[in-house]
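Let's take a walk through this model together, starting with how charged side chains pair and then moving on to the sheet and its surroundings.

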Amino acid sequence: MADKTSLRFFENIPVRAVWDEESAKWWFCAMDIAEALTKSKNPRKYWK
């Protein structure tokens with residue numbers, strides 16, 4: 001069975017998510033979370 005993808009929003013900022021059927025967990029994009037939490041337009045600098 002294929003994983004399910006979803007687009008969530010945190011304070012109007014999109015955060016990509018993927019449902020992993022095998023582990024029964026949602027996985028979120030770290031870069032999107034960094035952008036949402038810092039409000040930075042360059043979240044890659046927080047990832048480094």
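A salt bridge here is a side-chain nitrogen of Lys or Arg within 4 Å of a carboxyl oxygen of Asp or Glu. Keep in mind that this is a predicted model. Aspartate 32 and arginine 16 meet that rule, with their closest N and O atoms 2.7 Å apart. This pair links distant parts of the chain, since aspartate 32 belongs to helix α1 and arginine 16 to strand β2, 16 residues apart. Aspartate 32 is buried, at a relative accessible area of 9%, whereas arginine 16 is partly exposed at 48%.

By the same rule, the count comes to 3 salt bridges. Another of them joins the side chains of glutamate 11 and lysine 39, at 2.6 Å from N to O. Glutamate 11 sits in the loop between β1 and β2, and lysine 39 in the loop between α1 and α2 (44–47), so this pair ties together parts that are 28 residues apart in sequence. Glutamate 11 counts as exposed, with 54% relative accessibility, while lysine 39 is partly exposed at 45%. Glutamate 35 also forms a salt bridge, with lysine 41, and here the closest N and O atoms are 3.9 Å apart. Lysine 41 is exposed, at 75% relative accessibility.

Strands β2 (residues 13–20) and β3 (residues 25–28) are joined by 4 bridges. Together they form a hairpin with 4 residues between them, and alanine 24 in the turn has a positive phi of about 55 degrees. Along this pairing, tryptophan 19 stands opposite tryptophan 26, and valine 18 has tryptophan 27 as its bridge partner.

Asparagine 12 is exposed, with a relative accessible area of 73%. Its C-alpha atom is separated by 8.5 Å from that of alanine 36, 24 residues apart along the chain.

Finally, look at the surface. Phe10, Phe28, Ile33 and Leu37 form a nonpolar patch there, with about 370 Å² of accessible area together. Of these, phenylalanine 28 lies in strand β3 and is partly exposed at 41% relative accessible area.

Key:
Residues are numbered from 1 along each chain as its sequence is written. This is a predicted model: local features need pLDDT of at least 70, side-chain atom pairs count only at pLDDT 80 or more; totals for chains, interfaces and linings use all residues. Side-chain values use heavy atoms; hydrogens and water are left out. Two strands pair if DSSP finds at least two bridges between them. Helices (H or I, at least four residues) and strands (E, at least two) are DSSP runs, numbered from the N terminus. Buried means under 20% relative accessible area, exposed over 50%, partly exposed in between (1.4 Å probe, protein chains only). Patches are made of residues with over 30% relative accessible area and no salt bridge: like charges are joined within 9 Å, nonpolar side chains (Val, Leu, Ile, Met, Phe, Trp, Tyr) within 5 Å. Accessible areas come from the Shrake-Rupley method with a 1.4 Å probe; for residues, only the protein chains shown count as cover.
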